[in-house]
Amino acid sequence: MTSVYANDVLQVKKNKNKYDIVFLDSSSSVDILTGLLSSLHISYKDETNKKDIIQLNVHSLQTLDQFIQKKNLLSFDDALILLENISAQIFNLERKEKSFLYFDLHDIVVIDDHKYLYMNPDHIYNIVENDIKLTKPIPLKSLFLPPELKKKLTLPLQVHNTSYMYSLALISIYCLFGKATTETVIKENIKTAIPKKSLAPLDP
């Protein structure tokens with residue numbers, strides 16, 4: 001078996017034409033990820049009868065950064081699918097009073113070239129009265145952190161449970177333009193980035 005993705009919580013290994021997700025952490029991570037899989041209608045099963053391994057019967061699985069390198073950025077339509085998929089996972093978590101804190105490019109995997117799954121349960125936190133309470137450090141080297149997490153943090157820290165929106169916007173911009181660009185650059189490129197047929201007329 002070949003390892004195709006790993007984080008501190010799980011590993012994904014290719015096993016012939018299938019992919020095994022091997023969990024290194026508690027069963028709560030299994031419950032979280034199976035919920036995210038269900039939100040994208042990705043089927044999974046446990047052929048080993050072990051609670052710490054689930055199997056995906058899919059054709060391909062790769063990280064988003066690998067996918068972008070092959071395609072030389074995402075098309076506008078692909079970026080919309082990315083946002084739609086991540087939004088479905090956000091709504092799934094909110095029903096359980098959980099939320100993403102931020103996103104990272106390497107932790108989004110592309111399944112069968114058209115489904116985008118966030119694979120790192122370590123970036124998911126409980127929501128308490130619309131806030132997330134941080135009690136442990138986070139990696140500040142990520143390019144996609146919201147502003148409140150870029151500065152030096154004093155723990156414990158409370159941030160709003162929608163902080164991920166800024167991070168998701170940066171991920172989307174990066175996938176379209178090749179870098180976490182500024183608003184000015186977006187405005188300069190917006191006419192060529194968005195097909196004319198996608199632009200709706202403004203109300204008078």
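The chat below covers a sheet, the helices on it and one threonine.

A: Before that, this is a predicted model, with pLDDT of at least 70 needed for local features and 80 or more for side-chain atom pairs, while totals for chains, interfaces and linings use all residues. Numbering starts from 1 along each chain as its sequence is written, and side-chain values use heavy atoms, leaving out hydrogens and water.

Q: What is the strand order in the open sheet?
A: The order is β6-β8-β9, with antiparallel pairing; strands are DSSP runs of E, at least two residues, helices runs of H or I, at least four, numbered from the N terminus, and strands pair if DSSP finds at least two bridges between them.

Q: Which strands stand at the edges?
A: β6 (61–63) and β9 (115–118); each has a single partner strand, so one side of each has no neighbour in the sheet.

Q: How many bridges join β8 to β9?
A: There are 4, with β8 covering residues 108–111. Val110 has Tyr116 in β9 as its bridge partner.

Q: And what does α3 touch on the sheet?
A: α3 packs on the sheet through β8 and β9, contact being heavy atoms within 4.5 Å.

Q: Switching to Thr34: buried or exposed?
A: Thr34 counts as buried because its relative accessibility is 12%; the cut-offs are under 20% for buried, over 50% for exposed and partly exposed in between, with a 1.4 Å probe and protein chains only.

Q: Where does Thr34 lie, and what does Thr34 touch?
A: Thr34 is in helix α1 (residues 27–39). Leaving aside residues up to four places away in sequence, Thr34 touches Tyr44 and Ile54.

Conventions
Axes are lines fitted to C-alpha atoms, for helices over the stretch in contact, and angles run from 0 to 180 degrees between N-to-C directions.
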